[in-house]
Amino acid sequence: MSAGHLAVIDMQRVFADPASPWATPRYADAAAGVHALLPAFAGRVTFTRFLAPREPAGAWRAYYEQYPFARRPPDAELWALTDEFAGLADHVLDTATFGKWTPELAARTGPDGRLVLAGVSTDCCVLSTALAAADAGAEVLVVADACAGVDDDSHLKALQIMELYRPLVRVTTIADLLAEAGP
């Protein structure tokens with residue numbers, strides 16, 4: 001099997017900053033996992049960024065009423081990739097949705113392709129991306145130790161839910177994925 005395409009989900013300051021309402025407590029663990037994966041996917045990596053829409057519509061209006069701090073333009077510092085990734089991100093995909101399975105990511109993954117997911121948060125944007133990609137026919141691998149959730153319990157529950165979608169979605173580890181890919 002091919003190594004596929006790595007999508008690094010939302011490794012942004014808004015999720016890394018402990019003072020942020022959207023802080024992901026194990027962000028550093030996910031970041032270490034992403035760093036371990038990057039060499040195996042050279043030239044086949046998409047970093048994503050979650051951004052607030054200019055004008056929220058539908059249910060998103062209520063969402064941003066709950067999180068008004070996030071109503072910032074795309075160039076606001078909270079949306080930036082953290083410094084450790086900013087220089088490594090050759091390709092960045094911005095979306096105003098939790099799910100990152102867009103036509104652009106689908107094209108980068110390729111028809112009948114393999115999409116490997118890492119990043120934050122497991123229980124929101126990673127989960128949303130995994131299910132949409134699987135519905136579209138991509139083989140999806142979620143690297144558990146290169147992801148982090150809003151808390152440990154939510155992370156584990158999201159992984160368990162995604163594992164229910166086997167063989168469309170498979171939860172794996174860095175070591176197992178790299179061993180499978182071979183030298």
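This is a predicted model: local features need pLDDT of at least 70, side-chain atom pairs count only at pLDDT 80 or more; totals for chains, interfaces and linings use all residues.
User: How many helices and strands does the protein have?

Analyst: Start with the definition. Helices (H or I, at least four residues) and strands (E, at least two) are DSSP runs, numbered from the N terminus. Here there are eight helices and six strands. Along the sequence they follow the pattern β-α-α-β-α-α-β-α-β-α-β-α-β-α.

User: What does the radius of gyration say about the protein?

Analyst: The radius is taken over C-alpha atoms, and the globule rule is 2.2 Å times the number of residues to the power 0.38. For 183 residues, a compact globule would have a radius near 16 Å. The protein has 15 Å, which agrees. Its C-alpha atoms fill a box of roughly 45 × 30 × 30 Å, taken along the principal axes.

User: What share of the residues counts as buried?

Analyst: Buried means under 20% relative accessible area, exposed over 50%, and partly exposed in between (1.4 Å probe, protein chains only). Of the 183 residues, 48% count as buried.

User: Which strands pair with strand 1?

Analyst: Two strands pair if DSSP finds at least two bridges between them. Strand 1 (residues 5–9) pairs with strand 4 in the parallel sense, over five bridges. I9 stands opposite G119 there. Strand 1 also pairs with strand 2 in the parallel sense, over three bridges. In that pairing, V8 has F47 as its bridge partner.

User: Where do the side chains of strand 4 point?

Analyst: In a regular strand the side chains alternate between the two faces of the sheet. In strand 4, R114, V116, A118 and V120 point one way. L115, L117 and G119 point the other way, and all are buried. Strand 4 covers residues 114–120.

User: How many bridges join strand 4 to strand 5, and what lies between the two strands in the chain?

Analyst: Six bridges join strand 4 to strand 5 (residues 139–148), and the two run parallel. V120 has A148 as its bridge partner. The chain passes from strand 4 through helix 6 (residues 122–135) to strand 5, and this β-α-β crossover is right-handed. The term means that, with the strands pointing away from the viewer, the path from the first strand over the helix to the second runs clockwise.

User: Is T95 buried or exposed, and what does T95 touch?

Analyst: T95 is buried, with a relative accessible area of 7%. Contact means heavy atoms within 4.5 Å. Not counting residues up to four places away in sequence, T95 touches R49, F50, L51, K100 and T102.

User: Which residues of helix 2 are buried, and how are they arranged?

Analyst: In helix 2 (residues 27–37), the buried residues are Y27, A30, A31, G33, V34 and L37. Seen down the helix axis, they fall within an arc of 160°, so they line one face. The arc is that of the directions from the helix axis to the C-beta atoms. Among the elements these residues pack against are strand 1, strand 4 and strand 5.

User: How many disulfides are there?

Analyst: A disulfide is a pair of cysteine sulfur atoms within 2.5 Å. The count comes to zero. C124 is in no disulfide; the nearest cysteine sulfur, that of C125, is 4.0 Å away. C124 is partly exposed at 23% relative accessible area, whereas C125 is buried at 4%.

User: Where is A70, and what surrounds it?

Analyst: A70 is in the loop between helix 3 (59–66) and helix 4. At 0% relative accessibility, A70 counts as buried. Leaving aside its neighbours within four places in sequence, A70 is in contact with W22, A52, Y64, L78 and W79.

Notes: Residues are numbered from 1 along each chain as its sequence is written. Side-chain values use heavy atoms; hydrogens and water are left out.
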